[in-house]
Amino acid sequence: RSPLGPPLILLVPEQMTQAADRALAARFGATLRAQTLSFRRLAFRIMQEAGGAARTAIDDAGKKMLLYKVARRRAGEFRVFRRLKEGGGWIDAALEWLTECKRYRVDAGRLRETADGAGVPPVLRDKLRDLALLYEGLEAELAGKFVDSEDSLALLARHAAESRFLAGAKVWVDGFRGFTPAELAALAAVCRRVEEVTVCLALDRPYRADEDPDELSLFYPAAA
């Protein structure tokens, strides 16, 4: 009814964007204001305003190449990974682990702090220190040149407050079973900037704020 005005944003998981686009078009037809975005696509819009869009997007294959480069350069500093540096499988596992660290906002310093804690078994301590070396090396290679999907969340959280695109917008969040700490930080920054936010969660029933859901429940990630 009002073709001009602040954006109406449907924020959905990456894998749902095309289906949500089709559903939106079928329900409302052509529209200038309504947009279906994932966290990554929303971050790109904000980065266009903030200047971060000049950095090249990098996928897992590119990050594996950078990890190989870091592993060769710092091979003499490894303790556990030294004997594995020629194999390929451990790079896949290391990248998956480091990606989880980013999603849960754990940096290389936190890995070292954990490794140096009391009671940490020697083998685990060495693995954590090796992972911290890889993490630092990967971040140095990415800095200022590349951006991955996890970094885009951090950029969204950092620059949402200055975004003209988000000012006055209304946001509907749907389709998520839960949020990582990085996603929650980005969503909190968006909530502070926009005019209105509606969140729809997949739950089997209402949960009280003081209620602890069953960790084995299918709905635990959203209920928690």
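Me: In this predicted model, how many bridges pair β1 and β5, and in what sense do they run?

Reply: β1 and β5 are joined over 4 bridges, and the pairing is parallel. One of the residue pairs involved is I9 with its bridge partner V171 in β5.

Me: What makes β1 and β5 count as paired strands?

Reply: The criterion asks for at least two bridges between two strands, and β1 and β5 have 4, so they count as paired. Bridge partners in β6 include V197 for V171 and V199 for V173.

Me: Why are β2 and β6 described as standing at the edges of the sheet?

Reply: The open sheet consists of 4 strands in the order β2-β1-β5-β6, with parallel pairing. β2 and β6 (196-199) each have a single partner strand, so one side of each is without a neighbour in the sheet. Ignoring direction, neighbouring strands are turned against each other by 15° on average. Helix α2 (residues 39-50) packs on this sheet, where α2 touches β1 (8-11) and β2, and its direction makes about 115° with that of β2.

Me: Why is T36 called buried?

Reply: T36, which is found in strand β2 (residues 34-37), has a relative accessibility of 3%; buried means under 20%, and therefore T36 counts as buried. Leaving aside neighbours within four places in sequence, T36 is in contact with L10, V12, T17, A20, D21, L24 and R41.

Me: How do you know that the side chains of T36 and D21 make a polar contact?

Reply: The side chains of T36 and D21 are joined at 3.1 Å, and the cut-off for such a pair of N or O atoms is 3.5 Å, so the distance falls within the limit.

Me: What makes α4 roughly perpendicular to α6?

Reply: Helix α4 (residues 89-103) and helix α6 (residues 122-142) pack at an angle of about 75°, their axes being 11 Å apart. Because angles of 65 to 115 degrees count as roughly perpendicular, α4 is described in that way relative to α6. On the α4 side the contact is made by W90, A94, W97, L98, C101 and K102, and on the α6 side by L128, L131, L134, Y135, L138, E139 and L142. Sorted by class, this contact has 11 nonpolar, no polar and 2 charged residues.

Me: Why is R105 called exposed, whereas K145 is called partly exposed?

Reply: R105, in the loop between α4 and α5 (108-115), has a relative accessible area of 58%; exposed means over 50%, so R105 is exposed. K145, in the loop between α6 and β4 (146-147), has 42% relative accessibility, which lies between the 20% and 50% cut-offs, so K145 counts as partly exposed. Leaving aside neighbours within four places in sequence, K145 is in contact with R55 and T56. A polar atom of the K145 side chain lies 3.4 Å from the backbone oxygen of E141.

Me: What makes the phi of R105 worth a remark?

Reply: Most residues other than glycine have a negative phi. R105 is not a glycine, yet its phi is positive, at about 60°.

Notes
Residues are numbered from 1 along each chain as its sequence is written. This is a predicted model: local features need pLDDT of at least 70, side-chain atom pairs count only at pLDDT 80 or more; totals for chains, interfaces and linings use all residues. Side-chain values use heavy atoms; hydrogens and water are left out. Helices (H or I, at least four residues) and strands (E, at least two) are DSSP runs, numbered from the N terminus. Buried means under 20% relative accessible area, exposed over 50%, partly exposed in between (1.4 Å probe, protein chains only). A polar contact is a pair of N or O atoms within 3.5 Å; within protein, one must be able to donate a hydrogen and the other to accept it, and residues adjacent in sequence count only if both atoms are side-chain atoms. Contact means heavy atoms within 4.5 Å. Axes are lines fitted to C-alpha atoms, for helices over the stretch in contact, and angles run from 0 to 180 degrees between N-to-C directions. Angles under 35 degrees count as roughly parallel, over 145 as roughly antiparallel, 65 to 115 as roughly perpendicular and the rest as oblique. Ala, Val, Leu, Ile, Met, Phe, Trp, Tyr, Cys and Pro count as nonpolar, Asp, Glu, Lys and Arg as charged, and the others, Gly among them, as polar.
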